[in-house]
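Welcome, and please get your viewer ready for a short tour. We will go from one selection to the next and look at what is there.

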Amino acid sequence: MTAQALLGRTSGVGAERRKTAQSQGRARRASAAAPARASGGARACTSRTRHVKPKQAANRCGTICAMANADDAVSARTRIALIGSGIFARNTYAPILSEPSFAGKVELAFVWSRGEESASAIHDLVAPWAPQCEKKFGEEGLQAILESNECDAVVVILPPKIGLEVTLRALRAGKHVLQEKPVGTSREAIEGAIRAYDDLGQWRPVWGVAENYRFEDVYRFARTRIAEDLGDVISISLNASLKLDESSPYYHTSWRHSASELPTVGGKSAGYLFEGPVHFMAAIRMLAGEVGSAGAGHRVSGSGTVHSAHKKLKQVDTLSGWLRFDDGNDRCCTASVTICYASAAPCVRFVVTCEKGFFEIERVAGKYVFTEGGSKERREFPFSGVKNEIEYWLEAVARQRGFASASGADGGSRLGRKVGFVDQQFPEISSAEALGDVDALLTLLGQ
């Protein structure tokens, strides 16, 4: 089944509902957000068109009524497990969850890793603020978490292939999931996972995909300026020059060097060129607005070329290409993209041209800098995306639990129907949007 057929089964629900859902989701996120956080090589020049449509629910009967009954559950703490003990789990998730603002929302019940040593390391890290947390490792430990009544939800911070497998296991076990991006490594795998999720029925758990660029304050501010004064986006230019060497802890993660864990181009691993740039696809699609979304009738086309410039990486590391987003109603937006992991110094800059002006967004150490129309006035936005997306997901989990409580988890009541809940009420973490990010990147990679 194609991506458009998979994500477009709406039973009469069209793009307008999608647009409304996105506006509701962004408004909800805005209220919750707070500032935190050249050698030759393979070539991929094929051009293809992909049609990406959202999976919408056919019936929202009683949802608003059920919200009143669900409010009490929103304040309940969610007992979670961290599944994974890598760099991002230790250096980002653990510190954020230890912040006082999460004390009344989250109880860390378990940490898990594939090996005992790494499980002990992250357990020692969280023990000072989560003394009740238990350490688990290996297959037996993972199964124990999935069967435990002391855990409501899991945060999956694993490489994308195994991450998607563990995500599906957790969902089938009735656990809510926040899965770190990328959601998967191929359209087929992601589409299959979405079908399996749908098959879980009306009261399936919340499946959120964590893409922190969709939650960065700077991109939300940019969308506000576009809506209020600048008009529709015409074109986006991204130049991402990235420095990668042995001083980076991410350089030493073996799966990012793997040709089996990540997509390949011309027989070489796409590696870092896939795992990281999916962020940029999310940012481009968000900046493009409705025309770049996974809306009904929307499509993305593009082409790209890759080569190897890094002296030590044995993979393709430089990508140049273009994308075009069409909404099916004579509106479009184009994006030129250059991403290189062989730069001597980092520089990440977006230039966005709109009907009535333009602006730039530059990513520097620990923050983003927004400049509009060549003005000397600079607005700075600290990194905030990961914290914002966790809060957004926790609200989704609490709200869904409230619906289930109000309606009866046997599905016997019409109140608070759960089908399509994430896509409708919390679209920024939906698998449809995550698939859209991967789809755009694979299009650039000629796949």
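This is a predicted model: local features need pLDDT of at least 70, side-chain atom pairs count only at pLDDT 80 or more; totals for chains, interfaces and linings use all residues.

Two strands count as paired if DSSP finds at least two bridges between them.

**Stop one: the strands.** Select residues 318-326, strand E12, together with residues 332-340, strand E13; these two pair in the antiparallel sense over 9 bridges.

E11 runs antiparallel to E12, and 9 bridges join them. Click on Arg299 and you will find its bridge partner in E12, Asp326.

**Stop two: a helix.** Select residues 160-172, helix H7. At 1.5 Å a residue, its 13 residues should span 18 Å, and the end C-alpha atoms are 18 Å apart, so the two agree. Colour the buried residues of H7, among them Leu164, Val166, Leu168 and Leu171. What do the buried residues of H7 pack against? Their neighbours include strand E2 (78-83), helix H6 (138-147) and helix H8 (187-198). Just after H7, stop at Gly174, which takes a positive phi of about 90 degrees.

**Last stop: cysteines.** Select Cys133, which is buried, with a relative accessible area of 6%. Cys347 is partly exposed, at 24%. A search of the whole structure finds 0 disulfides.

Methods:
Residues are numbered from 1 along each chain as its sequence is written. Side-chain values use heavy atoms; hydrogens and water are left out. Helices (H or I, at least four residues) and strands (E, at least two) are DSSP runs, numbered from the N terminus. The expected span of a helix is 1.5 Å times one less than its number of residues. Buried means under 20% relative accessible area, exposed over 50%, partly exposed in between (1.4 Å probe, protein chains only). Contact means heavy atoms within 4.5 Å. A disulfide is a pair of cysteine sulfur atoms within 2.5 Å.
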